[in-house]
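Please read it alongside the sequence and coordinates.

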Amino acid sequence: MEVVNLAYQDAGTGGARLAASLRILLKCADPALVFLATMPDEAEVARFLEQLAFVFAEIEPDDQDIAVGVDATYSAPDTNIDRVIDFAEWRGPVHADHSVRAAKRLQSYAPGAVTLSRAEELVLYMRLMKRKVRAVSG
Amino acid sequence: MQSPVERYGGLTAEELRAFMATHPAFDDAGVTITARFGRAVARLLLRRLVASESFNFSIFLLSQSLAEDITGRNVAPARLLSNGNDPIGDAVWLVQAEIRNAYAVEDDLPDDAGAAFQRISDVGLGTHPAIVVDARSPDWAARLYPSGLDSAEFWIAIDLTAYPISKDHLRDTISRFWEQGLRTPELSRLSAQPVWENAADGIPNPRPEQRIQSRLRDTLFGAYPRRSIRAEIRTEEGRADIFIVGDITAHSGAPAQMTDWLLELKALCDRTNTGGHIGNQGARDAVTKGIVQARAYRSTQNGVQAALCCFEMRATEEDDAQCFAHVNDEATTNAIHLWRWVLYRSADDARMARYHLGRP
């Protein structure tokens, strides 16, 4: 890892915290990543994260915090603070978050001949978030 | 009874329905970084084609760590490159997959392609996935090198046109996919989805067709950036393997989609993944079923062309004519192309077939 930025930030009540931005040094990490890519489970998780990252990056950086606020799970009254959004990769569909169930429901509104893949569900859901963000941020 | 708002957290069913009613784009879902890069560069090339830019070569290199790659290099940022308003010719570009950030690395690219490739290798960028654009003819040619220019023998042609994909072009693309990723067990193992469990004994991994389909879809995404590549589409007849779909304008002027090609994939095995024997009748049945499926799926999707793509994993001396003899008439009647590629069980087998037996 490489430290890109490192600074003290005022944490209130007379305290301070150290804020750092880190990034992976690809040249160093690449051998491990290449190895992980040959392992089916790791490759599948990586593929999922890759899709999520690309589609999330379509939302303007200044709006990305808003996107979290309009997410089906986070905007639900029954969602606790500090909850992570689980796209049903680790919990089964019965216990899936609102976000997952919303993404799955998109299938029922798809054109007749189209069966959405999991990647397509994810991309569509995130593009819906992008649209809601635009509506909120104007 | 719960309301839709409660069922979907902060979203209503009506919001979901309204969103889907606008036909949102999702044709890049599931695309690998390299194929995404190919599609983004292709979009840029089309904009520059419209602008009638004139040049010899241009090379785009995919960087997954731009900050690292530009450190210590003499680079010039080109943050608006993807808009298509800046010249792209006779330069080397380091870009992210979607070209949101771009840097010009070399602005005096040699006129000779070999020297240009060597320059990339010399500056330590030869393992970055690359797209080389040859603009010396009016209809530019572009190639995607997924393993970088140091592995210049591995490439696929990028089809920048919106014309129907020809049989020869598609077969050549799939042949390259096979040549570069399936022909030998060693090539297959480079993927996260190898097709062989134990190639020497002829034992496939579970669901070899799905593994091939997933990898082939990635290749087709890169090769045909103006098409949607859809897999496992449900039809009235079952699930079709791969559809290649193009955007068209309907008579009404509304955007529409038309299926260019239907590909039905079959992995012909003589062993199960648990080691059981299948026998040749199993492969014959699979080929017959493939023809029936291709015919049925195409009729429901109005596909223009169809091909049965067989990936031969058996230890067999059969040639294509023998393998397809029992379906040849039906395939001809229904204009279904019959294509076959052999997955050799060792590099030695592959060499023997190529140089001594005259097989593909």
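In this predicted model, 10 residues of domain 1 of chain B are in contact with 9 residues of domain 2 of chain B. The domain assignment places domain 1 at 33-158 and domain 2 at 167-357 of chain B. Their C-alpha centres lie 31 Å apart.

**Domain contact in chain B**

- On the side of domain 1 of chain B that touches domain 2 of chain B, α3 (33-50) and β7 (156-158) of chain B each supply at least two residues.
- The largest share of that side comes from α3(B), with 5 residues.
- By class, the residues on this side of domain 1 of chain B are 7 nonpolar, 2 polar and 1 charged.

**Nonpolar cores**

- The largest nonpolar core has 90 residues, of which B:I59, B:L61, B:W93 and B:I244 touch the most other members.
- α3(B) gives the most to this core, 7 residues.
- Domain 1 (33-158) and domain 2 (167-357) of chain B each contribute at least three residues to this core.
- Another core lies apart from it and has 23 residues, including A:V55, A:I59, A:L122 and B:A29.
- Neighbours within four places in sequence aside, B:I244 is in contact with B:I165, B:L220, B:Y224, B:R227, B:I229, B:D260 and B:W261.

**Contact between chains A and B**

- Chain B puts 26 residues into the contact, and chain A puts in 35 residues.
- On the side of chain B that touches chain A, two or more residues come from each of α2 (13-21), α3, α4 (66-70) and β10 (227-235) of chain B.
- α2(B) gives the most to that side, with 6 residues.
- The side of chain B that touches chain A divides into 14 nonpolar, 7 polar and 5 charged residues.

**Helix α5 of chain B**

- Helix α5 of chain B spans residues 113-122, and B:A116, B:F117, B:R119 and B:I120 are buried in it.
- Viewed down the axis of α5(B), the buried residues fall within an arc of 155 degrees, so they line one face of the helix.
- An α-helix has 3.6 residues a turn, so residues three or four places apart point the same way.
- The exposed residues B:G114, B:A115 and B:D122 are on the face of α5(B) turned away from its buried side.
- The cover over the buried residues of α5(B) includes β1 (57-62), β3 (92-95) and β4 (102-106) of chain B.

Note on methods:
Residues are numbered from 1 along each chain as its sequence is written. Chains are lettered from A and ligands numbered from 1 in the order in which they are written. This is a predicted model: local features need pLDDT of at least 70, side-chain atom pairs count only at pLDDT 80 or more; totals for chains, interfaces and linings use all residues. Domain bounds come from an automatic or database domain assignment. Two residues are in contact if their C-beta atoms, placed from the backbone, lie within 7 Å. Helices (H or I, at least four residues) and strands (E, at least two) are DSSP runs, numbered from the N terminus. Ala, Val, Leu, Ile, Met, Phe, Trp, Tyr, Cys and Pro count as nonpolar, Asp, Glu, Lys and Arg as charged, and the others, Gly among them, as polar. A nonpolar core is a set of buried Ala, Val, Leu, Ile, Met, Phe, Trp, Tyr and Cys residues joined through C-beta atoms within 7 Å. A residue is buried if 20 or more other C-beta atoms lie within 10 Å of its own, exposed if 12 or fewer, and partly exposed in between; C-beta atoms are placed from the backbone. The arc is that of the directions from the helix axis to the C-beta atoms.
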